[in-house]
Amino acid sequence: MADFPSQARVVIVGGGVIGCSVAYHLTKLGWKNVVLLERKQLTSGTTWHAAGLIGQLRATYNMTKLAIYSTDLYNELEAETGIATGYKRNGSLSLAITSERMEEFSRGAVMAKNCGIEADILSCDEVQARYPLLNISDSVGGLFLPSDGQADPTNIALALAKGARQNGAEIYEDVKVVGVTQAKGYATGVETNKGTIAADYVVNCAGMWGREIGRMANVNIPLHASEHFYIVTEPIPELQPNLPVLRVPDEATYYKEDAGKLLIGAFELKAKPWGMDGIPDDFCFDQLPEDIEHFSPILDAAVRRMPLLEKAGIQLFFNGPESFTPDDRYLLGEAPNLKNFYMACGFNSIGIQSAGGAGKALSEWMDAGEPPFDLWDVDIRRMQQFQANKTYLYHRSKETLGLLYADHFPYRQYASARGIRKSPIHDDLLKFGACFGETAGWERPNWFLPVKDIKDGKKAEYQYSWQRQNWFEYAAKEHLAIRTGVGFFDLTSFAKFRVEGRDAEAVLQRIMANDIAVDVGKIVYGQWLNESGCIEADLTVTRLSETSFVVVTAATSAVRDLSWIKRNIPDEAHCIVTDITSAEAVFSLMGPKSRSLLEAITPEELSNEKFPFGTAKEIEIGMGLARAHRISYVGELGWELYIPTDMAKHVFDTIIQNGSDKGLQLCGMHVLDSCRLEKAYRHFGHDITDEDHVLEAGLGFCVKLNKPIDKFGHFIGRDAVLAKKDRGLERRLLQFKLRDSMPLLYHNETIYRDGTLVGRITSGGFGHYLGASVGLGYVPCQRGETVEQLMNSDYEIDIAGTRVKAEVSIRPFYDPLNERVKL
């Protein structure tokens with residue numbers, strides 16, 4: 001400690017496997033003056049008691065790629081550092097007890113192969129052959145990944161730490177961080193019990209202490225510790241060596257053979273949050289009290305599943321804390337409100353299998369100043385400010401631990417910590433039969449139960465399945481109302497920002513690829529690009545006055561987009577941005593009869609001549625006011641109505657009172673999505689991300705390369721767009737429609753072109769007007785290859801192991817000439 005540093009390029013807070021991985025990868029990139037601080041001893045928080053399961057198949061393509069990197073790294077780490085990691089590729093076997101789980105496995109196997117992972121769907125007999133001790137009498141099959149494995153978590157962390165030291169990192173134990181220094185919007189170092197260290201970067205890898213470290217920097221980091229249980233048996237003579245890691249998710253249980261014993265752990269459906277009053281200051285390699293009563297249902301199921309356990313003794317009953325986030329995905333990236341303050345924490349019991357990839361991705365992000373590829377799944381900017389609320393985290397963490405092994409059904413909604421953000425008409429929609437989902441804390445109607453069904457005693461509740469769910473026919477009715485009549489959406493959850501000041505236009509011209517130097521009342525759809533020409537945001541900008549604009553974006557993108565615009569306002573600019581999301585409700589009237597309904601409640605002329613597409617103006621509705629935007633995300637004539645929150649209930653009542661004779665249909669978010677899919681409208685986070693080039697996404701019509709240069713220069717990403725135009729496209733985003741009307745597309749299904757795997761579906765759903773599932777996906781193309789050549793191929797989509805023939809188009813299957821929005 002005599003040489004304790006006073007300065008560093010980067011200080012990493014936390015000496016678990018994640019912090020050690022970040023230090024390792026930063027030094028691999030050539031970073032010098034890398035300092036890691038651990039409050040007690042390396043691995044003494046949660047790493048030391050991790051089960052050490054190394055799986056690769058995750059929920060999305062990029063997360064799976066990161067997990068694959070982890071396995072490759074761990075395979076080589078012992079040779080590099082001399083520390084035995086205990087890593088072995090003995091495979092993993094997952095057992096399905098239900099047909100729904102088997103469907104999930106089959107779809108996962110398709111994605112695994114798309115990522116280059118060998119994945120085998122097994123019959124019950126084949127499962128038995130790989131794990132003879134199992135009772136498979138009630139099973140329907142399984143999934144085997146031969147390249148998965150297991151390892152010693154502590155030694156993986158220590159090997160990463162040694163590798164970091166070999167490349168110049170300094171690691172200090174028994175150093176407690178008590179503060180984060182900052183100046184002018186940047187993190188500038190840390191205060192510790194040993195002194196202050198000035199640093200260019202600070203990285204929060206503090207695990208279950210991560211929320212508290214964040215609070216020191218005024219950064220919201222939503223995570224909460226929960227108790228995690230497992231047992232270790234006494235030696236079992238009948239146990240075969242090198243059995244694969246076994247998961248029985250329908251029983252919330254996993255099994256790991258190690259040295260003739262079995263480790264049996266669980267992710268039970270109702271978890272026990274821990275540390276509500278803070279984590280003890282002396283916590284170090286600590287265990288939590290046993291709770292046999294809580295764990296006994298898991299043990300009972302395990303004995304039924306593996307009868308020899310009935311006679312096996314228990315050598316260890318373990319209970320230790322793990323940190324969980326509100327959506328079971330870890331937190332990575334730069335804080336939206338503090339530059340150079342990065343984080344990698346909240347790993348939801350998958351820290352060992354994630355550490356290698358997460359450490360590499362974050363290090364490359366820090367080195368380049370932007371993510372190396374699309375990391376939106378785990379980007380801290382997806383989290384809303386309220387989600388760091390302790391009461392919210394306590395209630396949500398009861399659910400999230402169990403969701404790791406629960407059925408990962410499409411459209412599955414969280415059941416806990418609900419009702420936080422509501423539209424002014426939430427209770428009205430509830431009475432009309434709304435079934436609500438939750439996005440960014442907002443309660444949003446996803447579908448409506450018809451009045452006659454309500455009278456028959458039915459409830460607006462999900463019945464989950466991989467097949468057509470119970471709301472499928474209700475959504476079909478809503479969808480067709482949009483296409484043939486008029487439908488109502490509550491879109492209050494839209495994020496809305498006012499951008500104002502005499503430099504507001506110049507700032508937005510710099511940020512947006514489209515031209516926003518337009519007349520007052522014009523709406524501009526477009527993208528915000530990064531320096532690579534890829535898409536950071538997809539939104540609309542409406543000019544309200546010479547010096548004022550309103551930006552409208554998705555609820556999930558609120559923190560991300562607000563941070564992006566604030567970071568790109570030059571210091572010298574006379575421009576401010578204000579989040580006005582809660583100030584306005586948003587109601588949408590869509591469909592060929594929307595004009596007729598709106599004319600009944602406003603004196604404003606709504607003809608194409610007086611109110612053309614892509615314009616906005618203030619109108620009267622009943623006795624209230626609204627700013628009407630003639631724009632559409634469903635591909636029909638329609639208006640979005642932006643209403644002061646205090647007038648929203650009155651405007652809604654006026655619409656309902658006048659809508660009955662027009663056949664008005666209340667519609668949910670599922671139909672907003674199915675309509676936009678028929679129209680091939682892109683969805684940010686699925687079809688377009690910060691690794692997707694705007695031209696390859698088919699959005700070149702929104703890029704104005706020749707717009708006038710404003711005071712802050714060309715728009716961000718312009719050079720990359722020009723370079724791509726010169727170099728040519730490497731892939732194109734296409735629309736697919738299945739020839740068979742029965743299979744359902746969701747996302748990540750594999751695309752085959754003339755029998756060759758070429759890509760995956762980025763988003764999909766059932767097109768009720770088109771009569772089949774539709775989806776979007778990128779397909780590679782050769783330089784000089786024409787659209788006609790690309791179309792003149794046979795395409796198939798692999799759905800759960802069955803290839804289904806598909807039609808393909810570069811233009812929307814629905815209304816390809818874009819006539820209906822201009823009726």
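In this passage a residue is called buried if its relative accessible area is under 20%, exposed if the area is over 50%, and partly exposed in between, as computed with a 1.4 Å probe on protein chains only. By this definition Trp48, with a relative accessible area of 23%, is partly exposed. The structure is a predicted model, in which local features need pLDDT of at least 70 and side-chain atom pairs count only at pLDDT 80 or more, while totals for chains, interfaces and linings use all residues. Residues are numbered from 1 along each chain as its sequence is written, and side-chain values use heavy atoms, with hydrogens and water left out.

Aromatic pairs are considered next. Rings of Phe, Tyr and Trp (its six-membered ring) are paired if their centres lie within 6.5 Å; planes under 30 degrees apart are stacked, those over 60 are edge-to-face and the rest are tilted. The structure holds 35 such pairs. In one of them, the ring centres of Trp48 and Phe285 lie 5.7 Å apart with the planes at 75°, so this pair is edge-to-face. The two residues belong to distant parts of the chain, 237 residues apart: Trp48 is in the loop between β2 (34-37) and β3 (53-54), and Phe285 is in the loop between β16 (273-274) and α7 (292-305). Here helices (H or I, at least four residues) and strands (E, at least two) are DSSP runs, numbered from the N terminus. Phe285 is partly exposed, at a relative accessible area of 31%.

A stacked pair is formed by Phe409 and Tyr464, at 6.1 Å centre to centre and with 10° between the planes. Phe409 lies in the loop between α9 (390-403) and α10 (426-431), and Tyr464 lies in the loop between α11 (451-455) and α12 (472-484), 55 residues apart. Phe409 counts as buried at 13% relative accessibility, whereas Tyr464 is partly exposed at 26%. Both residues belong to a cluster linked by ring pairs, which also includes Tyr411, Trp447, Tyr462, Trp466, Trp471, Tyr474 and Tyr746.

The loop between β2 and β3 also holds Ser44, which is buried, with a relative accessible area of 1%. Contact is taken to mean heavy atoms within 4.5 Å. Apart from neighbours within four places in sequence, Ser44 is in contact with Glu38, Phe283, Cys284 and Phe285. The C-alpha atoms of Ser44 and Lys649, 605 residues apart along the chain, are separated by 54 Å.

Helix packing was then examined. Two packed helices are described by the angle between their axes and the distance between the axes. Axes are lines fitted to C-alpha atoms, for helices over the stretch in contact, and angles run from 0 to 180 degrees between N-to-C directions. Helix α1 (residues 17-28) packs with helix α5 (residues 153-166) at an angle of about 30°, and the axes are 8 Å apart. This angle makes α1 roughly parallel to α5, where roughly parallel means under 35 degrees, roughly antiparallel over 145, roughly perpendicular 65 to 115, and oblique the rest. The contact involves Val17, Cys20, Ser21, Ala23, Tyr24 and Thr27 of α1, together with Ile156, Ala157, Leu160, Ala161, Gly163 and Ala164 of α5. Of the residues in this contact, nine are nonpolar, three are polar and none is charged. In this division Ala, Val, Leu, Ile, Met, Phe, Trp, Tyr, Cys and Pro count as nonpolar, Asp, Glu, Lys and Arg as charged, and the others, Gly among them, as polar.

Helix α2 (residues 61-81) and helix α8 (residues 351-368) pack at about 100°, with axes 7 Å apart. The two helices are therefore roughly perpendicular. From α2, the residues in contact include Leu66, Ala67 and Tyr69, and from α8 they include Ile352, Gln353 and Lys360. The residues of this contact comprise eight nonpolar, five polar and one charged.

Helix α14 (residues 558-567) is mostly covered, eight of its 10 residues being buried. Among the buried residues are Arg560, Asp561 and Trp564. The buried residues pack against β23 (495-500), α13 (504-511), β24 (523-529), β25 (535-545), β26 (548-553) and β27 (576-579).
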